[in-house]
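Thanks, everyone. Please have the structure open.

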Amino acid sequence: MAPARKRGGAADLGAASPEVLWEEQVQRAAHPLAYPALRSARNRPVVRVPRIGVVVSDAAIAREVLLDLDHFSKVGPGAPSDLWTPVLGPSVLLNMEGAEHAALRRTLGPLFSPRAVRQLVSADGVGVLPDLTRRLAAGETVDLAAAVTAQAGAVICGMVGLPPTDDAVRSAMAAAQTITGMVRLHRHGLTRSQVAQARAVLERLTAPARAAYRAGDPATVPGRMRDLGLSEREAMGAVGAFVLTGTETIQSFVPRLVAIAHDTGWTSRLLADDPQLRRRAVEEGLRVTVPTPAMLRSVRAGTSVGGVPVAAGDRVVIATVNCCRAAGGFDPDRPVDPAVRHLWFGAGPHFCLGMPLAMAQVDAVLDALAAAASGGGVPVVGRRRAARGVLVPSYRSLALSLRDESSVATPGAAE
Ligand code: HEM
């Protein structure tokens with residue numbers, strides 16, 4: 001079934017393709033007010049939007065802001081520090097700047113080395129991905145959103161130093177979602193009771209991490225953090241930051257990528273044994289889904305952004321979703337504009353630290369799907385539902401089953 005067109009709100013979509021309509025539905029289910037407000041700014045490179053801030057929709061200007069550390073900061077009114085400092089403490093990368101920030105990033109670097117990342121992703125103790133392959137190959141219909149959620153939960157367990165039992169995975173994911181679900185773009189911070197709740201949830205989630213840190217076992221991430229010279233406070237802040245930044249993004253992206261590949265007839269190419277082709281399709285998927293749809297900065301000193309004057313204390317909202325999607329719909333064969341390339345992971349000193357882990361997680365799921373399809377079938381998408389009230393737009397469920405390649409309909413003919 002094709003997604004319903006929203007009356008009025010998405011009128012400009014006209015005769016849009018299924019991929020575009022589904023993406024629109026996923027975005028609007030998560031942010032029914034903020035998403036249309038951000039998108040309405042997309043035809044102006046920079047525009048001031050009441051209650052939201054100075055919205056940037058041009059990739060080159062976005063990069064200028066992200067690289068201009070004299071005028072723009074992640075610390076200050078309207079910046080991520082407003083949201084996260086009360087919950088995570090003052091020194092957790094995403095609310096730091098300058099030499100201290102650079103030093104902490106350098107210290108944490110080894111945690112994202114190719115070897116460390118492989119270990120984290122392969123420590124899927126509950127066997128989520130082998131189970132996904134087996135069930136698909138056996139002709140069952142699986143919920144890809146649930147499988148990716150469980151896999152992301154297993155990675156969190158690895159980070160906090162917990163054995164990934166089913167229960168631990170479920171409660172780790174629920175904890176992460178409770179906290180991120182409180183964030184709304186039009187509110188600059190969390191309420192006092194939200195902060196108290198978020199801290200309590202995080203305290204429970206990171207209790208095993210604290211124990212692993214104190215035990216100093218280098219087989220655990222918190223134990224390695226201690227070896228790398230982090231204080232207990234820094235290590236717990238980093239674990240909290242990783243859980244909050246690195247969980248929903250993956251949970252959001254992988255099912256959306258598979259859905260887009262299905263809707264555009266790209267599934268076989270995405271799962272083919274061709275690393276270059278897969279990389280292009282994944283990057284193009286990131287460009288059109290933009291799992292982190294916006295980046296926030298606080299203005300440190302008066303200047304102008306793309307000709308719009310801004311004063312100290314103003315909030316700049318980089319509408320990454322507008323910057324990245326300006327080039328059009330999903331097309332891995334189209335060369336990517338250098339201004340846009342990787343902007344979905346940010347730019348400058350705060351560029352996503354977890355990118356290697358993100359790419360490894362995506363690859364692990366695609367490998368599991370490719371293994372299921374190795375007998376000649378193609379995974380096709382059945383029923384799907386967008387998630388409501390989440391910070392990162394995602395599918396709540398996405399049914400996937402294997403069909404004979406010859407019986408799969410024309411590209412774009414969703415379901
Ligand atoms: C597809 C998945 C992901 C996307 C699209 C993504 C996107 C981003 C973006 C756009 C930023 C920069 C924000 C800004 O400058 O305001 C960022 C920062 C960050 N990301 Fe990711 N991310 C992803 C996955 C992950 C994962 C798996 C982790 C794992 C721990 C992670 C950890 C971080 C951290 C720690 C930062 C803060 C870096 C700093 O401030 O120095 N991310 N991410």
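Start with Lys-74: an N or O atom in the side chain of this residue sits 2.9 Å from an oxygen atom of the ligand. This is a predicted model, so keep in mind that the distances are computed from predicted coordinates. For His-350, the distance from a polar side-chain atom to an oxygen atom of the ligand is 2.6 Å.

What does the protein donate to the iron atom of the ligand? There is a single donor, the SG atom of Cys-352, at 2.3 Å. Cys-352 belongs to the loop that runs between helix 16 (320–325) and helix 17.

Next, the shell as a whole. There are 25 residues around the ligand, and those that come nearest are His-101, Arg-105, Arg-297, His-350 and Cys-352. By class, 14 are nonpolar, eight are polar and three are charged. At least two shell residues come from each of helix 5 (98–108), helix 12 (232–246), strand 5 (295–299) and helix 17 (355–373). Helix 12 has the largest share, with three.

Last, confidence. The average pLDDT of the protein is 88, and 92% of the residues reach at least 70. Residues 5–11 fall below 50, and that stretch has eight contacts in the model beyond near neighbours in sequence. Residues 410–415 are also below 50, with 20 such contacts. Where pLDDT is low, predicted coordinates should not be read in detail.

Technical notes: Residues are numbered from 1 along each chain as its sequence is written. This is a predicted model: local features need pLDDT of at least 70, side-chain atom pairs count only at pLDDT 80 or more; totals for chains, interfaces and linings use all residues. Side-chain values use heavy atoms; hydrogens and water are left out. A residue is near a molecule or strand if one of its heavy atoms lies within 4 Å of it. A polar contact is a pair of N or O atoms within 3.5 Å; within protein, one must be able to donate a hydrogen and the other to accept it, and residues adjacent in sequence count only if both atoms are side-chain atoms. Helices (H or I, at least four residues) and strands (E, at least two) are DSSP runs, numbered from the N terminus. Ala, Val, Leu, Ile, Met, Phe, Trp, Tyr, Cys and Pro count as nonpolar, Asp, Glu, Lys and Arg as charged, and the others, Gly among them, as polar. Donors are N, O and S atoms within 2.8 Å of the metal (3.2 Å for Na, K and Ca); water is not among the atoms, so sites may look incomplete. pLDDT is the predictor's confidence in each residue, from 0 to 100. Contact means heavy atoms within 4.5 Å.
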